[in-house]
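Subject: Structure handover

Hello,

Please find the structure below, with the sequence alongside. My notes on what was found follow it.

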Amino acid sequence: MAEISIRKLNKSFGETQILDQIDLTVRDGEFMTLVGPSGCGKSTLLRIIAGLESQTNGQVNISGQPVDQLRPKDRNLSMVFQSYALYPHLTVKENIATPIRMRSYCWYQRLPLLARVLPGAAERQSGIDSKVAAVAELLQIEHLLDRRPGELSGGQRQRVALGRAMVRDPAAFLMDEPLSNLDAKLRIHMRTEIAQLHKQLGTTFIYVTHDQAEAMTMSDRIALMMDGELLQVATPEEIYRNPVDVRVAEFIGSPKINLLPGEVNSAGRVTVCGQPLRVATQPRQTQIRVGVRPENATVCRAEQGDIQGQLIYLENMGAEFFAHITIDTLTEPMLVRCDVEQGQQLSLGATVGIRIKPKHTLIFNQSGRRVASEKIAAEVHHESVAV
Amino acid sequence: MNRQPSLLFRLFRHLVLMSGAMVMLMPFIWMLLTSVKPPDEIFSSELTLWPQHWYFIENYSEALTRIPLMKFLLNGIVVTATIFLCQVSIAVPVAYALAKMRFKGKKTLFAAVLFCLLIPPQAVSIPWYLLMYQFGWLDSYMALIAPFSISVFGIFLMRQFFMTIPNDLIYAARIDGFSELAIIWKVMLPTAMPALVSFGIFSIVAHWNDYFWPLIVLNSPDYYTPPLGLVNFRNDDTGNDYGPLMAAATIVITPLVGAFLLAQKRFIEGITLSGMK
C-alpha cells in the first residue's frame with residue numbers, strides 16, 4: 001500500500017509537449033482513474049509512474065520516497081496492460097508465478113535444472129504454488145492453470161493478467177485500459193469485478209481509461225486529462241456536478257451536455273437565445289456558454305418553456321427518451337431527457353418548449369472556465385436583482 | 001454462390017499442378033533410382049525408370065566405405081550447428097535492439113543491415129579468404145564457421161518478427177523483474193519460435209549444402225563437409241561412379257529432409273510471420 005504523488009511532472013518528445021506540469025496525489029488505498037480522450041497523455045503518465053518511460057523533469061514519489069532513479073522492478077508496482085501482455089509460451093500457472101519467481105529467487109535458483117536440486121527448492125516451489133492457487137481461487141481461474149494464453153478467451157486472459165499483477169502484493173496496481181479489448185457486455189461485468197477486487201485488496205489503484213462510464217462507475221476519484229494537462233481531480237459526483245472547465249463538462253456524461261451560447265446583462269442575469277433564464281452570474285460578460293445536462297431540462301408546452309424549438313428526433317432508450325430539439329438560432333439540436341410517458345406523447349415536428357432547471361445550470365466564460373452562478377428565486381422579479 | 005468448378009477444369013488444374021511438381025521432384029526421384037541401379041543400367045543407352053537388378057546394398061556400402069562419409073556428416077553437423085548457434089546468439093539481441101530499443105542511429109544501422117542483405121557472398125569471398133589466411137585459420141573449422149557467424153538475413157527476419165510483438169509484453173517483463181538480457185532470451189526468443197525455426201531451416205540448409213566456401217578454404221579431408229566428400233566419387237582416372245555417388249547424395253540429404261518434415265508446420269508459420277493473437 002502506498003501513496004503516490006507526482007510533482008511538477010513534464011514530458012516532451014522533442015518539441016511536442018506530452019505532459020504539462022502534472023501535480024497529482026493518489027491517496028493510500030484509493031481507486032484513482034486517469035481519464036481523457038486518446039492521446040491526452042494519460043498512458044504516458046502511467047508508464048512514467050511505472051518507470052517504463054522517463055519524465056523530462058518533475059518527480060514521482062511512492063510512499064514519500066522519490067523513485068525517479070529506480071528501475072521498474074524496484075518500484076514494487078504491478079501493471080495490467082490493454083493487450084494483457086501474457087507470456088505466450090508459458091502456461092497460466094507459470095505466467096502468474098513469474099513475478100514471484102523473478103523477485104524472490106536469485107539467478108542460479110532459476111536455472112532450469114539446477115533449481116530443483118538446490119537446498120530448499122521444494123519449500124520455495126510449494127510457497128509459489130500456494131500463492132498462485134490463492135490468486136487463482138480469488139479470480140476463479142483454477143481450471144485454466146495448465147492452459148496457455150493462446151487457448152483462453154479475452155475475459156479469461158484478462159483475469160490471468162490480473163492474477164499476475166496481484167500475486168506479489170504490490171504497493172499499487174497500475175491498469176492501462178484493461179477492459180478496452182473486451183466486448184461490451186463483458187466489459188461492464190469486469191468493471192464491477194475490478195471495483196470489488198479493489199475493495200477486497202484495499203491497495204492503491206491507478207486506472208487509465210478513455211471511457212468516462214468506467215471512470216464514473218469505478219473510481220473513488222477521477223483525474224481528467226486533456227492535451228497533456230490535468231484539468232480536474234475530484235470524485236465522480238463532484239466532477240459531474242461541478243466541472244471546472246467546459247472540456248470536463250463535455251467529456252463527462254453521456255449523452256453529452258448541451259452547450260448553449262448566452263449573454264449576461266448588466267444585472268448579471270443570463271440570457272440564452274434572447275430569453276432570460278432564472279440564473280445569475282457575474283455581470284458584464286459576453287460570449288458565455290451555458291451548460292445544461294439532458295436531465296436538467298424538461299420538455300413542456302411551447303408557451304411555458306424558457307426557449308422554444310422543434311422536435312426533430314426521439315431516441316427511445318427503453319427506460320427513458322432523449323428528445324432532439326432544434327432551436328432556430330443554434331446550429332446543433334439540444335438534447336433533453338424525458339420519461340417514458342411524456343416521450344410517448346410527443347410527436348415529431350411539433351414545436352415544444354424547453355424549461356431549464358436553473359439550479360443545475362453551468363456557466364462557462366469565454367475561455368471555457370466555469371464561473372459561479374446561482375438560481376434566482378422564483379418570486380423575485382428580475383429587475384430587482386440588479387442592485 | 002458456392003459453385004463447384006466443372007470436372008474438366010478441375011482435372012486440368014490438377015494436371016498443371018502435378019506436372020509442376022514432377023519437374024521439381026524429377027531430379028530427386030532420379031537420384032533415388034540411380035542409387036539402387038547397377039552401373040551397366042545407369043550407363044545403358046535406353047532410359048529405364050525402374051531398375052531391373054537391385055544394386056542397393058552394393059551402392060550404399062560402397063558409398064559408406066570408399067570415403068569416410070560418416071566423418072564428413074559429423075563435420076557437416078559440427079559446422080552447421082555452430083554456425084546456427086553463433087547466428088542466433090548474435091541475431092536475436094541485435095534484432096531486439098533494432099526492433100524495440102530507442103537509440104541514436106537506429107535507422108542508419110537498420111539500413112546498413114538491409115544493405116548487407118544485397119551483398120552476394122561470392123563478392124566478399126576473396127577478402128574473407130585473405131582474412132582467414134592472416135588469422136592462420138585456413139584449413140580448419142574456424143575458416144568454415146567464422147565468415148557465417150553473423151547472418152544479416154537472420155537479424156532482418158528476427159527484427160521483423162519482433163516488430164509484431166507488442167511493447168506491452170516487454171513492459172510487463174520489465175515490471176516483473178526480468179533484466180534486458182533475460183527479456184531477450186526468456187521472453188522474446190520463445191515468443192519468436194516460429195521465426196527462429198524458419199531461420200534455422202534457411203541457415204542449416206544453406207550451410208549444409210555449401211560447396212563453394214569449403215572448397216576454397218579446405219585442403220585436408222579431415223574437415224570436409226558432405227558436399228565436398230561427394231566429389232570423391234568423381235574421378236578423372238576411372239570416370240564417374242554414379243551409383244555410389246547417388247547413394248552418398250541420398251544419405252547426405254536425408255537429415256535435411258527429416259529436419260524439414262519435423263519443422264514444417266512452424267516453418268510455414270514463420271514465413272507468414274504470424275503474430276501472437
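Helices here are DSSP runs of H or I with at least four residues, strands are runs of E with at least two, and both are numbered from the N terminus. A residue is called buried if 20 or more other C-beta atoms lie within 10 Å of its own, exposed if 12 or fewer do, and partly exposed in between, with C-beta atoms placed from the backbone. Contact, here and below, means that the C-beta atoms of two residues, again placed from the backbone, lie within 7 Å.

Before going further, please note that this is a predicted model, in which local features need pLDDT of at least 70 and side-chain atom pairs count only at pLDDT 80 or more, while totals for chains, interfaces and linings use all residues. Residues are numbered from 1 along each chain as its sequence is written, and chains are lettered from A and ligands numbered from 1 in the order in which they are written.

To return to H5(A), 10 of its 13 residues are buried, so the helix is mostly covered. Among the buried ones are Arg157(A), Arg159(A), Arg164(A), Leu162(A) and Met166(A). The helix covers residues 154-166, and its end C-alpha atoms are 18 Å apart, which agrees with the 18 Å that 13 residues should span at 1.5 Å a residue. That expected span is 1.5 Å times one less than the number of residues.

**Chain A as a whole**

Chain A has 10 helices and 22 strands. Of its 387 residues, 40% count as buried. Its C-alpha atoms fill a box of roughly 90 × 45 × 35 Å, taken along the principal axes. Among contacts between residues at least 6 apart in sequence, 66% join residues at least 24 apart.

**Strand pairs and hairpins in chain A**

Two strands are said to pair if DSSP finds at least two bridges between them. Strand E1 (residues 4-13) and strand E4 (residues 57-62) run antiparallel and are joined by 5 bridges; Ile4(A) stands opposite Ile62(A) there. E4(A) also pairs with strand E5 (residues 65-66), in the antiparallel sense and over 2 bridges, and here Ile62(A) stands opposite Gln65(A). E4(A) and E5(A) make a hairpin with 2 residues between them, and Ser63(A) in the turn has a positive phi of about 50°.

Further along, strand E11 (residues 258-264) is joined to strand E12 (residues 269-272) by 3 bridges, antiparallel, with Val264(A) partnered by Val270(A). Their hairpin has 4 residues between the strands, and Gly268(A) in the turn has a positive phi of about 95°. E12(A) then pairs antiparallel with strand E13 (residues 275-281) over 3 bridges, where Thr271(A) has Pro276(A) as its bridge partner. In this second hairpin, with 2 residues between the strands, Cys273(A) takes a positive phi near 55°.

**The sheet that holds Cys338(A)**

An open antiparallel sheet of 5 strands in chain A has the order E15-E19-E16-E17-E18. Its edge strands, E15 (297-300) and E18 (334-338), each pair on one side only. Within the sheet, E16 (residues 307-316) and E17 (residues 321-326) are joined by 6 bridges, and Leu314(A) is partnered by Ala323(A).

Cys338(A) is found in E18(A). Is this residue buried or exposed? Cys338(A) counts as buried because 22 C-beta neighbours lie inside 10 Å. Leaving aside neighbours within four places in sequence, its contacts are Thr298(A), Val299(A), Phe321(A), Ala323(A) and Gly343(A).

**Chain B**

Here 14 residues of chain B are in contact with 18 residues of chain A. On the chain B side, helix H9 (167-176) and helix H10 (180-191) are the elements that give two or more residues, and H9(B) gives the most, with 7.

An unreviewed UniProt entry lists several spans of chain B as "transmembrane region", including residues 72-97 and 242-263; such annotations may be inferred rather than shown by experiment, and the positions follow the numbering used here, with feature names shortened. In the model, residues 72-97 are 100% helix, with end C-alpha atoms 38 Å apart. Residues 242-263 are also 100% helix, and their end C-alpha atoms lie 31 Å apart.

Regards
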